[in-house]
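Welcome! Take a look at it first, and then we will go through it topic by topic.

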Amino acid sequence: MIKRLVPFVCLLMIMGTSCAQEKKEVTTLILVRHAEKVDDGTRDPELSGEGKERAQALVGLLRETPIDAIYSTPYKRTRDTVAPLALLKGMSVTEYKPHDWDTLKKILAENSGKTIVMVGHSNTTPWVANVLVGEEKKYPDWKDDDYDNVLIVSVFGDGDANVAWLNYGKASGN
């Protein structure tokens with residue numbers, strides 16, 4: 001039931017904010033942290049089996065959502081989290097530099113009025129949301145074991161944004 005409601009909630013959020021902000025073009029960012037990773041002691045681990053299940057759950061969550069661009073930080077765990085979605089949508093994944101205001105401004109400028117997915121980390125994903133809403137500490141960093149958050153941010157301009165916070169489980173139905 002929840003899986004079917006998410007695209008509807010996303011659409012309502014986009015439509016509702018579009019109506020309220022008629023003169024402004026709305027850019028929607030779907031912000032996701034990478035899925036569970038293997039604890040192999042390296043700086044660039046792969047997804048665990050659980051993480052691969054969550055990556056498939058992301059596909060289920062966003063299957064019906066129109067997406068114009070997909071971004072990932074340059075790490076295996078972020079690329080692998082969004083790779084199944086990119087495959088389904090027939091899109092490539094563009095790498096971005098996390099925690100960088102200039103990079104974020106460029107992404108927003110290149111995708112004005114579009115819907116994009118950005119996969120990041122426990123500290124970079126909340127940072128992006130904070131920058132977009134114009135409040136430095138509204139969304140704190142996520143805990144190391146917190147992988148199920150999705151922030152849908154409708155951006156109208158600098159510091160003018162609405163956020164919907166959703167949770168999603170792994171493909172196994174959790």
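A residue is called buried when its relative accessible area is under 20%, exposed when it is over 50%, and partly exposed in between. Please keep in mind that this is a predicted model.

**H99**
- H99 sits in the loop that runs between strand 3 (93–95) and helix 4.
- Although H99 is not a glycine, it has a positive phi of about 55°.

- In soluble globular proteins, nonpolar side chains tend to be buried together.
- Here, the largest nonpolar core has 20 residues, and those with the most contacts inside it are L29, L31, Y71, I116, M118, L132 and V153.
- At least two residues of this core come from each of strand 1 (27–33), strand 2 (69–72), helix 4 (101–110), strand 4 (115–120), helix 5 (124–133) and strand 5 (149–157).
- Helix 5 gives the largest share of this core, with four residues.
- Leaving aside residues up to four places away in sequence, V153 touches T27, T28, L29, L31, L132, A161, N162 and V163.
- Another core, of 19 residues, lies apart from the largest one, and I30, I70, A86 and L166 are among its members.

- Which residues of helix 4 are buried? They are T103, L104, I107 and L108.
- Seen down the axis of helix 4, these buried residues fall within an arc of 135°, so they line one face of the helix.
- Strand 1, strand 2, strand 4 and helix 5 are what the buried residues of helix 4 pack against.
- On the face turned away from the buried side, helix 4 carries the exposed residues D102, K106 and A109.

**The cavity**
- The count of cavities of 30 Å³ or more comes to one, and the largest cavity has a volume of about 40 Å³.
- Its lining is made up of Y96, K97, P98, H99, D100, T103, L104, I107, M118, W127 and V128.
- Helix 4 and helix 5 each supply at least two residues of this lining, and the largest share, three residues, comes from helix 4.
- Sorted by class, the lining of the largest cavity has seven nonpolar, two polar and two charged residues.

Notes. Residues are numbered from 1 along each chain as its sequence is written. This is a predicted model: local features need pLDDT of at least 70, side-chain atom pairs count only at pLDDT 80 or more; totals for chains, interfaces and linings use all residues. Side-chain values use heavy atoms; hydrogens and water are left out. A nonpolar core is a set of buried Ala, Val, Leu, Ile, Met, Phe, Trp, Tyr and Cys residues joined through side-chain atoms within 4.5 Å. Buried means under 20% relative accessible area, exposed over 50%, partly exposed in between (1.4 Å probe, protein chains only). Contact means heavy atoms within 4.5 Å. The arc is that of the directions from the helix axis to the C-beta atoms. On a 1 Å grid over the protein atoms alone, a cavity is a set of points where a 1.4 Å probe fits but cannot get out, and a pocket is an open set with protein on both sides within 12 Å along at least five of seven lines; lining residues have an atom within 4 Å of a point. Grid points are joined across faces, edges and corners, and a volume is the space filled by probe spheres set on the points. Ala, Val, Leu, Ile, Met, Phe, Trp, Tyr, Cys and Pro count as nonpolar, Asp, Glu, Lys and Arg as charged, and the others, Gly among them, as polar.
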